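Hello,

Here is the structure I said I would pass on. Please open it beside this email and follow along.

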Amino acid sequence: SSSSTASNRHILRVLIMQCIKIGDVHTAQQLFKSAVNTLQSDAVVSVYNAVLSALSQTEQSGEALEVYDEMNMDEVPLDAVTYLLAIGCAKQDINALNKIYGDIGRHESFSCNVQILCALIRAYTNCDDVNTVKQLIAQLPTTVEWSKNTKMVYTTILYALGRFDGVHDEILRIFFEELIQRKDIHINRMMYLTLLRAAGESGDLYKLQRIHEHMAQNSIYSKGIGIQNTLIIQYKKCGDQEAAQKLFDDIDPLLRNEFTYKALSE
């Protein structure tokens, strides 16, 4: 029956993953060959994915990418999970990443997949490839199509842009034209740090004050020493020494650290 077939497939995946994790490569290979020879093609990809996942979890990225290449050579019908695992395994190997990106580009359904695009954006950001990051951001569907992935997309975009110089205007545009209107999105600490730094780099005191105010009204992040240190630096960059000094004075002396003093003195 279909339920027993699915159950057997699940057991095979688990057994293969466990064998790889404990280093029993021989048994894993035997199970894998058995699965490839007996399962239908649409089921084989789930077993391959189990192998990719296990290799990734055991820090065997090189071997995982070899399995990915083997899947392509054997014309295994890859799915979104395959590409996400492969992107994760590529890490900062720009050549491997470019190959995976090229493979994805040949399949329209995957080249518009929001999760895959976000994974690529994060990966290329870690490779310091700003041009490809901008290209991928431009490829993202409209916000209406993001659906449940909206927060992930904004987090990814700000994480990426925050790693590069000269893009503070775009970061601020995203906040003031999009994020500030969205009551359904919780802006996390990393996002606020990126926004504050962008305001500081732009030298726009009004926008810095607006972001600071928004953070104070919608989160508790402004009470953290790391955020307070960042605020001191950004207010100074915007020329408001008085606000920077007040932030410093309001911090409990017991909570101040070397970065707090450095922020005020620079």
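**Two loop residues with positive phi**

K91 sits in the loop between α5 and α6 (94-105). Keep in mind that this is a predicted model. K91 is not a glycine, yet its phi is positive, about 50 degrees. Most residues other than glycine have a negative phi. K91 comes after α5. Is K91 buried, partly exposed or exposed? Its relative accessible area is 45%, so it counts as partly exposed.

D128 is another case. Its phi is positive too, at about 60 degrees, and it is not a glycine. Look for D128 in the loop between α8 and α9. With a relative accessible area of 54%, D128 is exposed. The cut-off for exposed is over 50%.

**The whole chain**

Now step back. The protein chain has 16 helices and zero strands. It runs to 266 residues, and buried residues make up 45% of them. Take the contacts with a separation of 6 or more. Residues 24 or more positions apart account for 60% of those contacts.

The largest nonpolar core has 86 residues. Which of them touch the most other members? They are I87, I100, L120, L179 and I211. Find I100 and look around it. Not counting residues up to four places away in sequence, I100 touches L65, Y68, Y83, A86, I87 and A90.

D79 caps the N-terminal end of α5. A side-chain oxygen of D79 lies 3.2 Å from the backbone nitrogen of V81.

How many aromatic pairs does the structure hold? There are six. One of them is Y68 with Y83. Their ring centres are 6.4 Å apart and their planes are at 65 degrees, so this pair is edge-to-face. The cut-off for edge-to-face is over 60 degrees. Y68 belongs to helix α4 (residues 61-73), while Y83 belongs to helix α5 (residues 80-90). The pair therefore ties together parts that are 15 residues apart in sequence. Y68 and Y83 are both buried. Together with F110, they form one aromatic cluster.

F175 and F176 make another pair. The ring centres of F175 and F176 are 4.8 Å apart, with planes at 85 degrees, so they are edge-to-face as well. Both F175 and F176 are buried.

One more ring deserves a look. R256 lies over the face of F248, 4.2 Å from the ring centre.

Helix α10 covers residues 150-161. Its 12 residues should span 16 Å at 1.5 Å a residue. Its end C-alpha atoms are 17 Å apart, which agrees. Nine of the 12 residues are buried, so α10 is largely enclosed by the rest of the structure. Among the buried ones are V153, Y154, I157, L158 and L161. What covers the buried residues of α10? The cover includes α8 (114-126), α9 (130-139), α11 (168-177) and α12.

In α11, the buried residues are I171, L172, I174, F175 and F176. Their cover includes α10, α12 and α13.

T194 lies in helix α12 (residues 189-202). Its relative accessibility is 9%, so T194 counts as buried. The cut-off for buried is under 20%. The T194 side chain reaches the backbone oxygen of M190 at 3.0 Å. Leaving out residues up to four places away in sequence, T194 touches L158, G162 and I171. L158 is one of the buried residues of α10, and I171 is buried in α11.

H212 is in helix α13 (residues 205-218). Is H212 buried or exposed? It is buried, with a relative accessible area of 17%. Leaving aside neighbours within four places in sequence, H212 is in contact with L196, L231, Y235 and L247.

Best wishes

Technical notes. Residues are numbered from 1 along each chain as its sequence is written. This is a predicted model: local features need pLDDT of at least 70, side-chain atom pairs count only at pLDDT 80 or more; totals for chains, interfaces and linings use all residues. Side-chain values use heavy atoms; hydrogens and water are left out. Rings of Phe, Tyr and Trp (its six-membered ring) pair if their centres lie within 6.5 Å; planes under 30 degrees apart count as stacked, over 60 as edge-to-face and the rest as tilted. Helices (H or I, at least four residues) and strands (E, at least two) are DSSP runs, numbered from the N terminus. Buried means under 20% relative accessible area, exposed over 50%, partly exposed in between (1.4 Å probe, protein chains only). A charge sits over a ring if NZ of Lys or CZ of Arg is within 6 Å of the ring centre and within 35 degrees of the ring normal. A nonpolar core is a set of buried Ala, Val, Leu, Ile, Met, Phe, Trp, Tyr and Cys residues joined through side-chain atoms within 4.5 Å. Contact means heavy atoms within 4.5 Å. A polar contact is a pair of N or O atoms within 3.5 Å; within protein, one must be able to donate a hydrogen and the other to accept it, and residues adjacent in sequence count only if both atoms are side-chain atoms. The expected span of a helix is 1.5 Å times one less than its number of residues.
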